[in-house]
Amino acid sequence: MNFITDILYWISTGLLVPVVVLLIFFFFRALLLIGSFFGQYMMMRRTSSLISKELDLLNKDNVRNLAEVLPKKNPSLAVIYINRLLTTDSLAMRQRLLSDYEIASDKEISISKTLIKMGPMLGLMGTLIPMGPALVGLSTGDIASMAYNMQVAFSTTVIGLFSAAIGFITLQAKQRWYLQDLTNLEFIAELLKENQEEK
């Protein structure tokens with residue numbers, strides 16, 4: 001029995017280095033996500049204000065004119081798919097474009113989802129793994145070893161929760177953006193369908 005528990009102990013302590021490395025990676029990935037999120041937010045604000053004004057005036061007769069007012073420089077994902085919708089006359093292709101947009105938007109939020117799930121998992125692993133050596137240090141009177149291991153345990157928890165918090169905040173905002181854009185795309189697709197049926 002001692003042999004089996006020793007194997008489990010070796011495996012768990014051996015996982016500490018990969019867990020810490022992954023936590024550091026996710027921490028820097030979360031920082032990069034904050035920067036890209038801010039740039040995306042600024043672009044989304046400009047684009048959504050422009051599109052919402054145009055959509056209020058849009059009908060089946062002037063829907064094709066929407067391409068003229070869309071931003072040409074650094075277009076957002078929604079603008080790219082609006083342009084694609086406006087250049088196709090196939091109903092099946094429009095449905096495919098809407099599905100492609102959903103896939104592309106899901107890909108955009110995948111890093112946020114990963115941070116939300118993996119941050120707390122790795123943080124908990126990084127907390128529990130050093131607790132064993134910390135308790136051993138406490139039982140042998142090695143306070144310095146115990147303090148070091150407790151420091152590692154608490155640090156990994158904080159980093160994991162920080163990464164998850166960034167992922168959660170960005171996910172909430174991006175889901176709203178992409179849902180609004182998908183609604184706009186479906187509206188434009190319906191107007192194009194009406195325009196085509198009228199001809």
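Predicted model: local features only at pLDDT ≥ 70, side-chain atom pairs only at ≥ 80, totals over all residues.
Hi everyone. Let me start with a definition: a residue is called buried when its relative accessible area is under 20%, exposed when that value is over 50%, and partly exposed in between.

You will find M125 in helix α6, which covers residues 110–140. M125 also belongs to a nonpolar patch on the surface, together with F3, I4, I7, L8, Y9, W10, I11 and L15. Taken together, the members of that patch have about 890 Å² of accessible area. Which helix gives the most to this nonpolar patch? That is helix α1, residues 2–14, with 7 residues.

Now for a patch of another kind. Four residues, E102, E186, E190 and E194, gather on the surface as a patch of negative charge. Here helix α7, running over residues 143–198, gives the most, with 3 residues.

Let's move on to the aromatic rings. How many aromatic pairs does the structure hold? There are 7. In one of them, Y81 and Y101 have ring centres 5.5 Å apart and planes at 75°, so this pair is edge-to-face. The pair links distant parts of the chain, since Y81 sits in helix α4 (residues 77–86) and Y101 in helix α5 (residues 91–108), 20 residues apart. Are Y81 and Y101 buried or exposed? Both Y81 and Y101 are buried.

Y101 has another ring partner, Y178: their centres are 6.4 Å apart and their planes stand at 70°, so this pair is edge-to-face too. Again distant parts of the chain are linked, with Y101 in helix α5 and Y178 in helix α7, 77 residues apart. Why do we call these two buried? Y101 has a relative accessibility of 1% and Y178 one of 6%, and buried means under 20%. Elsewhere, ring pairs join F27, F28 and F162 into a cluster.

Next, the salt bridges, of which the structure holds 2. In one, the side chains of R96 and D100 meet, at 3.9 Å from N to O. R96 and D100 are 4 residues apart in helix α5, so about one helical turn separates them. R96 counts as exposed because its relative accessibility is 52%, whereas D100, at 26%, counts as partly exposed.

The other salt bridge is between K113 and D106, and their closest N and O atoms are 2.9 Å apart. Here K113 is partly exposed, at a relative accessible area of 30%. D106 is partly exposed as well, with 38%.

Finally, a look at distance across the model. K53 lies in helix α2, residues 16–56, and is exposed, with a relative accessible area of 58%. How far apart are K53 and G132 in space? From C-alpha to C-alpha, K53 and G132 are 61 Å apart, while in sequence they are separated by 79 residues.

Note on methods: Residues numbered from 1 in each chain as written. Heavy atoms only, no water. Patch = residues over 30% accessible without salt bridge, like charges linked within 9 Å, V, L, I, M, F, W, Y side chains within 5 Å. Areas by Shrake-Rupley, 256 points an atom, 1.4 Å probe, with all protein chains shown as cover. Helix = DSSP H or I, 4+ residues; strand = E, 2+ residues; numbered from the N terminus. Lys, Arg positive; Asp, Glu negative; His and termini not counted. Charge placed at Lys NZ, Arg CZ, Asp CG, Glu CD. Phe/Tyr/Trp six-rings, centres within 6.5 Å; stacked < 30°, edge-to-face > 60°. Buried < 20%, exposed > 50% of the residue type's maximum accessible area, 1.4 Å probe, protein only.
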